[in-house]
Amino acid sequence: MIFHTPILAMILASVITSIIVLWSAFFALKVVRHWDITSGHARQLTLEKRTYLVTTALKFVLALELFSLILFVTNADQMAPMFTGAMCAVGVLNVNEYGMPALLLKLAVFFGASVWLILNHADEQGRDYPLAKHKYALLTILAPLVLITSLIQFLYFYNLHADVITSCCSRLFVPEGKGLQASLSAMDPMSALYMLFISFGLLVLLAFWLRGSKRNNRFGRALFGPVAIGFFTVAIIAITSVISSYIYEQPHHHCPFDILKWQYGYIGFALYIPLFTGTAFGLAAGLMSLFPTPSSLLEAYPRMIARNITISAVLMTIFMAFILLAIGRSHLILFG
Amino acid sequence: MIELKKVFKQYHEGRINEVRALVNINLTLKKDCITVFKGPSGSGKTTLLTLIGGLSKPSSGRILLDGEIISNLPEKFLAALRREHFGFVFQRFNLIRGISVLENVMLPAYPMAPAHAPLRQKAKDLLERLHIPEKADMPVDVLSGGEAQRVAIARALINDPDTIIADEPTANLDSRLAVQFLQIIEQLRKDGKTIIMTSHDPRIWQARIVDRVIDMEDGHIVEENEKVANP
């Protein structure tokens with residue numbers, strides 16, 4: 001293990017998060033089993049009182065998890081000079097077998113935590129804890145994910161040894177290689193661009209249609225979640241197969257991590273932050289649409305879902321604007 | 001109208017020092033009435049007031065305000081409800097030292113972010129009504145007991161609540177000031193306020209203006225006396 005300040009900070013953060021999430025998960029199970037807002041029973045009143053404390057603690061640790069993802073990636077990038085063969089975050093994540101799974105799990109936690117925080121915000125607008133059962137049911141799914149992520153992250157950090165010779169993006173993100181990274185890099189650039197613009201068009205069209213259609217179009221709104229996830233997937237493919245080449249101005253450089261470096265004006269952050277947060281808002285809108293409208297939020301709840309859809313569409317548009325900027329600024333000519 | 005249904009309140013629940021402060025309270029408090037809870041120390045009077053005013057929550061049971069359950073409200077809504085519906089006069093008045101009388105009176109209105117000039121005027125009007133306008137700019141540390149109580153009442157009225165909750169309001173006052181307090185309370189009832197008080201003081205619960213006296217002991221209601229409507 002390498003005693004690096006960000007590593008110690010992330011381990012400390014994950015320990016705090018795990019403890020609070022584990023404690024909250026036991027409380028969540030009680031809520032799922034016993035919550036009855038119409039009851040004046042002592043157990044119900046205890047749950048109502050305690051939910052305030054649990055929610056406050058969870059808001060803190062789940063927000064911490066969102067920042068932890070950024071720290072995880074930037075730290076991996078900054079540690080590259082410590083490992084032979086590593087030039088960016090990819091090399092550092094490949095130092096052992098836990099790096100990439102840790103990243104993927106942290107991505108999953110990012111989306112889970114974001115959706116939980118948005119759902120919790122909606123719940124807090126009601127006078128009678130209208131979404132309490134739903135948000136704690138979601139927590140029972142999120143909690144094991146957070147705990148596994150903390151464990152895998154710890155194993156990754158624990159097994160970081162400076163004498164390892166690692167492979168970096170120039171070996172992994174090449175069309176000739178094997179695995180997911182190679183498949184993403186091998187995608188036909190033109191097809192990837194088409195897919196990106198078509199899926200963006202679909203997402204924006206759906207957002208506009210939902211804005212104009214009846215307020216209680218639950219099916220349409222629920223559909224926005226999968227559409228947002230679909231767009232996210234296509235966007236990641238497009239970044240790897242074609243957008244990164246435009247940014248590096250090299251047709252054979254496909255790394256989705258190097259774009260986070262200062263040499264490229266940190267454009268990766270401008271792309272990923274709106275993409276990730278936009279996807280989270282889209283997912284939350286889709287999930288919230290699956291629940292019946294709470295009686296205490298008859299007017300506000302559909303408005304909240306509509307607002308989440310709008311925020312998602314705006315963030316995706318910002319993402320696309322940066323994509324166009326990256327292509328427009330590039331001296332690389334891939335087509336024609 | 002305030003209703004309490006099967007309300008229990010325990011402190012230190014499940015521990016060796018568990019205290020059952022209120023036991024199965026069922027009660028309806030009508031609007032525009034003066035209700036006094038009396039009883040020995042430890043009978044649950046103050047606990048009951050804190051529950052009615054949303055300052056704490058019952059261990060079980062429900063409290064309703066105008067038909068809506070308020071005992072399970074999340075803290076954010078409870079704080080808004082307290083600001084809008086209840087004015088509190090505490091036994092020790094709980095005025096904030098280091099700021100003036102006027103600022104103390106204006107304080108509960110600050111979270112609602114009102115315009116400063118009208119709020120200041122309203123606070124001055126209240127002090128005028130309670131016959132202490134000349135104290136407005138004084139620090140609260142120099143007030144007498146009776147003056148401090150009037151400031152506390154003005155502060156309770158600044159958000160124009162429909163219910164005034166007063167815990168042992170005459171405990172620190174002599175007879176003359178207690179009579180003056182009753183005159184203020186009578187005027188408030190005429191203005192349409194509901195008054196709920198606790199008191200050890202016979203001058204309070206024997207006063208003709210009081211509509212209802214509820215006797216408490218060991219967390220139970222042991223006796224209720226409702227007077228014929230006051231003129």
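**Terms and their grounds**

Mentor: Let us begin with chain B of this predicted model, where four strands form an open sheet in the order 2-1-4-5, with antiparallel pairing. Its edge strands are strand 2 and strand 5 (68–69) of chain B.

Trainee: What makes strand 2 and strand 5 of chain B edge strands?

Mentor: Each of them pairs on one side only.

Trainee: How do you know that strand 1 of chain B pairs with strand 2 of chain B?

Mentor: Pairing requires at least two bridges. Seven bridges join strand 1 (residues 2–11) of chain B to strand 2 (residues 19–29) of chain B, so the two strands count as paired. Within this pair, E3(B) stands opposite T28(B).

Trainee: What joins strand 1 of chain B to strand 4 of chain B?

Mentor: Five bridges join strand 1 to strand 4 (residues 60–65) of chain B, and the two run antiparallel. Here E3(B) faces L64(B) of strand 4.

Trainee: Why do strand 4 and strand 5 of chain B count as a pair?

Mentor: They are linked over two bridges, in the antiparallel sense. The rule asks for at least two, therefore strand 4 and strand 5 of chain B meet it. L64(B) stands opposite I69(B) in strand 5.

Trainee: Which strands form the sheet that has mixed pairing?

Mentor: Six strands of chain B form that open sheet, in the order 6-7-8-3-9-10. Strand 6 (86–89) and strand 10 (220–226) of chain B are its edges, each pairing on one side only. From one strand to the next, the twist averages 15°.

Trainee: How do you know that strand 9 and strand 10 of chain B are paired?

Mentor: Strand 9 (residues 212–217) and strand 10 of chain B share six bridges in the antiparallel sense. I214(B) stands opposite E224(B) of strand 10.

Trainee: Which helix of chain B lies across strand 6 and strand 7?

Mentor: Helix 5 (residues 145–157) of chain B does, and it runs at about 165° to strand 6 of chain B.

Trainee: Let us turn to the two chains together. Why is the pair of R62(B) and E48(A) called a salt bridge?

Mentor: The closest N and O atoms of R62(B) and E48(A) are 3.5 Å apart. The limit for an Arg nitrogen and a Glu carboxyl oxygen is 4 Å, so the pair qualifies. Two salt bridges are counted between chain A and chain B.

Trainee: How many residues does each chain bring to the contact between chain A and chain B?

Mentor: Chain A gives 16 residues and chain B gives 14 residues. Together the chains bury about 1200 Å², 47% of it on carbon and sulfur atoms. Of the area that chain A buries against chain B, L45(A), K49(A) and R127(A) supply 45%, more than any other three residues.

Notes: Residues are numbered from 1 along each chain as its sequence is written. Chains are lettered from A and ligands numbered from 1 in the order in which they are written. This is a predicted model: local features need pLDDT of at least 70, side-chain atom pairs count only at pLDDT 80 or more; totals for chains, interfaces and linings use all residues. Side-chain values use heavy atoms; hydrogens and water are left out. Contact means heavy atoms within 4.5 Å. Buried area is the accessible area (1.4 Å probe) that two parts lose on being put together, summed over both. A salt bridge is a side-chain nitrogen of Lys or Arg within 4 Å of a carboxyl oxygen of Asp or Glu. Axes are lines fitted to C-alpha atoms, for helices over the stretch in contact, and angles run from 0 to 180 degrees between N-to-C directions.
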